[in-house]
Amino acid sequence: MTFETPVTNGWTCFHCGETFTDREKARLHFGNDEASATACQIDIKAFREMEKMAFRCRSEGSDTDRAMHRMSAEHEVALRREEEKGYARGLRDARIEMARALASEVPFWRWGEGGRFV
Ligand SMILES: [Zn+2]
C-alpha cells in the first residue's frame, strides 16, 4: 500500500475497520510497505522480543566500539613508545660518535664509518 496517491475517503484497515484520512496517521498504522504488520496486528510479545534484540544489538555495538577504541589507544601508545626508543637510540648513537670523534685525532666532521663524512 502506498500513501502517495490521495484517497478521498482515506484508508480503512480491513483488520480493525479504522479509517485514516491523515497520511501520516495511516502510515503509522499500516507501516511503510505491504510487508509491514499493521499496528492493530502487531503481537506485543514479538514487539517486546524485537525491543530486546535492538537493545542487545546496541549494547554489543557499544562493546565493540569500546574494544576498538581501547585497541586503537593501545596501538597509539605502542607506536609512541617505539618512536621514543628510536629517538633514544639515535641520541645514544650520536653520543657514541661524538665520544669517538673527540677521542680520535681526526676532527669529528671528517670522521665516519666508510668515510661517510669525508
Ligand atoms: Zn488496523
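How many helices and strands are there in the protein chain? There are two helices and two strands, where helices (H or I, at least four residues) and strands (E, at least two) are DSSP runs, numbered from the N terminus. What we are looking at is a predicted model, in which local features need pLDDT of at least 70 and side-chain atom pairs count only at pLDDT 80 or more, while totals for chains, interfaces and linings use all residues. Residues are numbered from 1 along each chain as its sequence is written.

Following the sequence, the pattern reads β-β-α-α. Of the 118 residues in the protein chain, 2% are buried, a residue being buried if 20 or more other C-beta atoms, placed from the backbone, lie within 10 Å of its own, exposed if 12 or fewer, and partly exposed in between.

Let me turn to helix α2, which covers residues 44-103 and has 60 residues. From first C-alpha to last, α2 reaches 88 Å, close to the 88 Å expected at 1.5 Å a residue, the expected span being 1.5 Å times one less than the number of residues. The count of buried residues in α2 is zero, and this helix is hardly covered.

Finally, Gly10 lies in the segment before β1 (11-12), and Gly10 counts as partly exposed because it has 14 C-beta neighbours inside 10 Å. Leaving aside residues up to four places away in sequence, Gly10 touches Thr19, Phe20 and Thr21, contact meaning that the C-beta atoms, placed from the backbone, lie within 7 Å. Gly10 and Asp22 are twelve residues apart along the chain, and their C-alpha atoms are separated by 7.3 Å.

How values were computed
Two residues are in contact if their C-beta atoms, placed from the backbone, lie within 7 Å.
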